[in-house]
Amino acid sequence: MTPKEALHTYFGYEDFRPLQEEIIVSVLSGRDTLALMPTGGGKSICFQVPTLVMANEHPEKRLCLVITPLIALMRDQVANLQARGIQSAAVYTGMSYDRQRVALDNCLYGPYHFLYCSPERLESEEFRKRLADLPIGLIAVDEAHCISQWGYDFRPSYLNIAAIRELLPGVPVLALTATATPDTIEDIQAKLGFAEQNVLRKSFHRDNLIYVVRRTDKKEEQVAHILSRVPGSAIVYVRNRKHAQELAQWLKRSNPAPSLKGREDISSVNFYHAGLTTQERNERQEAWTKGETRVIVATNAFGMGIDKPDVRLVIHYDLPSHLESYYQEAGRAGRDGKTAYAVLLYNEQEDKAKARKRVTDNYPPKEFVESVYHKTMDFLQIGAGSGLGHRFTLHIDQLCQVMHLPVIQTYSALHILTQAGYIDFEEEHETQPRVQINVPRHQLDEYNLSYEQTELLDSLMRSYTGIYTDLQYVREADNKATHELLVSLAQRGIITYIPRSIGCSLTMVNERQTEIYLSPAIYEERQQRYVQKLKAMVEYADQTMFCREQVLLGYFGENNAAPCGHCDVCRELNHRIISE
């Protein structure tokens with residue numbers, strides 16, 4: 001089976017998008033490959049097609065291990081592949097031990113071709129042992145910039161991938177990212193242990209995407225004005241959850257469409273952020289994807305992995321921290337190739353002041369970071385020399401209130417401590433519902449249970465081994481009626497029930513230390529890189545002499561790009577030339 005035959009047979013496409021075929025050929029030749037493709041460029045096809053080709057020719061290499069940090073993306077891609085008749089599985093935080101075991105057994109013994117996991121899962125000794133037995137022919141690393149200290153979103157868990165390569169000798173790696181500077185490109189290949197440098201890239205140039213910086217000290221009014229003038233689906237990015245909700249509500253109240261001819265309706269709007277439940281996030285994303293909601297006001301938690309080609313407008317209300325995330329978020333507009341707009345609202349004095357504050361918020365003094373470490377240990381009642389391997393639910397607001405800590409800087413300190421290897425702090429961790437039965441089976445008759453309660457308990461006993469000795473993750477609790485039954489049983493002490501919740505988690509990577517050390521590579525060097533990236537973002541917004549796209553492309557190493565001709569700077573320069 002050739003790659004084109006696999007593309008047509010499994011996905012129904014007649015031909016590849018630009019660069020896809022070159023990447024696939026490189027992978028099938030057994031070469032480590034770094035693929036740089038803009039958002040919406042069709043990255044998943046680049047590992048899905050070669051895996052299916054290899055599975056047809058070499059059954060002993062029929063499985064692709066896909067490493068991605070996004071659980072929602074895992075679920076979506078597994079569901080999409082299953083719908084095409086391609087057997088796939090995912091292993092992620094919150095799955096019961098039994099479900100993980102079944103997924104891995106299916107990959108070992110069944111006709112499975114894709115196994116998705118998070119980089120954190122690679123820390124499990126048992127998971128690594130199982131991987132060594134699986135028929136893996138390819139490792140695909142999504143969001144590969146996360147492995148680089150030069151990248152804008154470095155995650156220590158990505159460094160576990162190099163150890164996986166030692167367990168799977170001879171298995172090539174395909175690293176994929178939508179954004180990477182030249183330094184990041186070099187670092188990705190080094191950290192992943194590439195046998196030789198091999199970078200395939202598609203130009204970040206987008207013919208149809210018009211970049212605009214709009215200077216204003218009345219951003220709300222500008223958002224409403226732009227949304228009312230540009231038809232079609234839109235995203236408005238803001239920096240915090242409270243503002244996402246407030247701006248969405250303000251837009252509903254400020255809708256000008258009913259009274260002004262030729263204006264677009266902006267009342268079809270909702271907000272999205274990581275503090276919503278999974279069900280709420282899924283419902284809001286689906287409504288927006290289907291066009292039932294026109295505008296989504298969101299934090300950067302929104303957008304990764306979405307497949308909506310007809311977004312006509314992306315507005316950034318606040319200045320992003322770096323051009324990488326700006327390019328990626330703006331690039332969610334116009335994936336269908338039709339004209340789309342990426343608008344950045346800019347208030348010079350206010351945004352520059354916020355940028356300066358962002359540096360101190362993200363890199364508080366080292367003494368403060370050490371103080372947060374010890375206060376968090378005290379809050380969690382972890383004594384010196386203990387805690388190794390333990391995982392805790394951490395309520396940041398409660399920690400900050402009890403220990404008299406500022407919230408934003410505390411979040412930053414916990415992330416710095418994670419990068420330094422003392423803890424593993426996970427923001428917005430969603431805990432799955434868990435149940436333990438406290439009453440022996442032969443005593444349940446004494447409790448005068450309802451038929452529904454009895455049936456539920458019997459079902460749990462059959463489905464979850466160990467439910468009498470430990471808390472078990474139970475998927476049945478997602479049903480509202482079942483949740484209410486579990487609450488009623490917990491109130492009577494028959495079970496211990498921990499409902500689904502969204503919060504933060506902290507895992508002790510090391511036992512509690514009496515002193516901590518933050519090396520220059522963890523603190524000063526990263527702080528300096530953060531300042532440089534933020535400076536480049538401010539300069540992009542501030543300058544009015546050079547084509548917006550030229551500035552962006554130059555940042556990513558494309559130094560010979562021609563002016564786009566349609567960004568706000570190009571239009572102003574062209575207007576001046578015509579006027580002269």
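Here are legends for a handful of close-up views of this predicted model.

**View 1. An open, parallel sheet of seven strands.**
Let's start with the sheet, whose strands line up in the order β3-β4-β2-β5-β6-β1-β7, with parallel pairing. The edge places go to β3 (88–91) and β7 (199–201); each has a single partner strand, so one side of each is left without a neighbour in the sheet. On average, neighbouring strands here are turned by 20° against each other, direction ignored.

**View 2. Zooming in on β5 and β6 within that sheet.**
Strand β5 covers residues 136–141, and strand β6 covers residues 173–177. The two pair in the parallel sense, and three bridges hold the pairing. To pick out one of the bridges, look for V141, whose partner in β6 is A175.

**View 3. β12 with a parallel partner in β9 and another in β13.**
Strand β12 (311–316) is mostly covered, with six of its six residues buried. Five bridges link β9 and β12, which pair in the parallel sense. I235 has V314 of β12 as its bridge partner. β12 also runs parallel to β13, and four bridges join these two strands. Here you can find L313, which has Y341 of β13 as its bridge partner.

**View 4. Helix α12, a mostly covered helix.**
How many of the residues of α12 (residues 323–330) are buried? The count is eight of eight. Reading along the helix, they are L323, E324, S325, Y326, Y327, Q328, E329 and A330. So what do these buried residues pack against? On the strand side, the list has β8, β9 (233–237), β12 (311–316) and β13 (340–346). Helices α19 (524–542) and α20 (548–555) are on the list too.

**View 5. T216, in the loop between β8 and α9.**
This loop lies between β8 (209–215) and α9 (219–229). Is T216 buried or exposed? T216 has a relative accessible area of 12%, and because anything under 20% counts as buried, T216 is buried. The side chain of T216 reaches the backbone nitrogen of K218 at 2.9 Å. Leaving aside residues up to four places away in sequence, T216 touches Q222, L345, Y346 and N347.

**View 6. Helices α15 and α16, packed at an angle of about 110°.**
Helix α15 takes in residues 396–403, and helix α16 takes in residues 407–419. Their axes are 10 Å apart. The angle makes α15 roughly perpendicular to α16, and the crossing is right-handed. Which residues make the contact? From α15 come I396, D397, L399 and C400, while α16 brings V407, T410, Y411 and L414.

**View 7. Y422, in the loop between α16 and β15.**
Y422 sits in the loop that leads from α16 to β15 (423–431). With 13% relative accessibility, Y422 counts as buried. Not counting residues up to four places away in sequence, Y422 touches Y373, L417, M508, V509, N510, Q513, I516 and Y517. With Y517 there is a polar contact as well: a polar atom of the Y422 side chain lies 2.8 Å from the backbone nitrogen of Y517. Also have a look at T507, which is 85 residues apart from Y422 along the chain. The C-alpha atoms of Y422 and T507 are separated by 9.1 Å.

Conventions
Residues are numbered from 1 along each chain as its sequence is written. This is a predicted model: local features need pLDDT of at least 70, side-chain atom pairs count only at pLDDT 80 or more; totals for chains, interfaces and linings use all residues. Side-chain values use heavy atoms; hydrogens and water are left out. Buried means under 20% relative accessible area, exposed over 50%, partly exposed in between (1.4 Å probe, protein chains only). A polar contact is a pair of N or O atoms within 3.5 Å; within protein, one must be able to donate a hydrogen and the other to accept it, and residues adjacent in sequence count only if both atoms are side-chain atoms. Contact means heavy atoms within 4.5 Å. Two strands pair if DSSP finds at least two bridges between them. Axes are lines fitted to C-alpha atoms, for helices over the stretch in contact, and angles run from 0 to 180 degrees between N-to-C directions. Angles under 35 degrees count as roughly parallel, over 145 as roughly antiparallel, 65 to 115 as roughly perpendicular and the rest as oblique. A crossing is left-handed if the near helix is turned anticlockwise from the far one by less than a right angle, and right-handed if clockwise.
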